[in-house]
Amino acid sequence: MLVLGIDPGIAITGYGIIKQKNSRNEVLDFGYIKTKANSELPDRLIKIHDELYNLIKKYKPDAVAVEQIFFNKNAKTAFIVGQARGIVVFTAAECGLQVFEYTPLQVKQAVAGYGRASKYQVQQMTTALLGLKETPKPDDAADALAIAICHINNYRMSQLLKKV
């Protein structure tokens, strides 16, 4: 299984691509899509779409896992990030891929084993679980890899439960 994890954002959208085979996870790629702050919103959304579309066509993932948005203070920021997230979901659907959504709590539990783990703990566990020599940068890329791990773990568990 090949999973594309996405940490959506308007300024930076992190991505991580993990291949899972025989209970082993291999990182194929990770990075980010960066948009210019002085660009118009439609142009920023188009850039996210185009670069994500190219990633999907290059790697041909089986699924896309995306983090759900959680903001409790700034509605304006949540709205703008929600638009970037919408572009992610649209692009995946446009390419015929199923999108799986995970809360930050689910991602933390899947990677660190604790739903209130710090960002640092999640990054350290992501690095260890994937056998990387150093923590992926920027944080958005590390988060995207953690989201992909979360999906792989959830998928594996659902397959095990089907056998019971």
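Q: Which residues does Arg 44 touch, not counting residues up to four places away in sequence?
A: Let's start with one side chain in this predicted model. Arg 44 lies in helix α1. Leaving out residues up to four places away in sequence, the residues that Arg 44 touches are Ile 10, Ala 11, Thr 35, Lys 36, Ala 37 and Ser 39.

Q: How far from Arg 44 is the nearest side chain of opposite charge?
A: Arg 44 is buried and has no salt bridge. A salt bridge needs a side-chain nitrogen of Lys or Arg within 4 Å of a carboxyl oxygen of Asp or Glu. For Arg 44, the nearest side chain of opposite charge is that of Asp 43, at a distance of 9.0 Å.

Q: How many salt bridges does the structure hold?
A: Although Arg 44 has no salt bridge, other residues do form them. Glu 51 pairs with Lys 47, Glu 101 with Arg 85, and Lys 119 with Asp 143. The number of salt bridges in the structure is three.

Q: Are Glu 51 and Lys 47 buried, exposed or partly exposed?
A: Buried means under 20% relative accessible area and exposed means over 50%, with partly exposed in between. Glu 51 has 30% relative accessibility, and Lys 47 has 34%. Both values fall in that middle range, so Glu 51 and Lys 47 count as partly exposed.

Q: Which helices does the salt bridge of Lys 119 and Asp 143 link?
A: The closest N and O atoms of Lys 119 and Asp 143 are 2.7 Å apart. Lys 119 is partly exposed at 43% relative accessible area, whereas Asp 143 is buried at 13%. The two residues are 24 residues apart, and this link between distant parts of the chain joins helix α4 and helix α5.

Q: At what angle do the axes of α4 and α5 cross?
A: Lys 119 and Asp 143 are also among the residues where these helices meet. The contact residues divide into six nonpolar, two polar and three charged. The axes of α4 (residues 119-129) and α5 (residues 139-163) come within 10 Å, and their crossing is left-handed. The angle is roughly 65 degrees.

Q: Is the crossing of α1 and α2 left-handed or right-handed?
A: Helix α1 (residues 41-59) and helix α2 (residues 75-94) pack with their axes 9 Å apart, at an angle of about 35 degrees. Residues that meet include Leu 45 and Ile 48 in α1 and Ile 80 and Ala 84 in α2. The contact holds 12 nonpolar residues, three polar and one charged. The crossing of α1 and α2 is right-handed.

Conventions:
Residues are numbered from 1 along each chain as its sequence is written. This is a predicted model: local features need pLDDT of at least 70, side-chain atom pairs count only at pLDDT 80 or more; totals for chains, interfaces and linings use all residues. Side-chain values use heavy atoms; hydrogens and water are left out. Axes are lines fitted to C-alpha atoms, for helices over the stretch in contact, and angles run from 0 to 180 degrees between N-to-C directions. Helices (H or I, at least four residues) and strands (E, at least two) are DSSP runs, numbered from the N terminus. A crossing is left-handed if the near helix is turned anticlockwise from the far one by less than a right angle, and right-handed if clockwise. Contact means heavy atoms within 4.5 Å. Ala, Val, Leu, Ile, Met, Phe, Trp, Tyr, Cys and Pro count as nonpolar, Asp, Glu, Lys and Arg as charged, and the others, Gly among them, as polar. Buried means under 20% relative accessible area, exposed over 50%, partly exposed in between (1.4 Å probe, protein chains only). Lys and Arg count as positive and Asp and Glu as negative; His and the chain ends are not counted.
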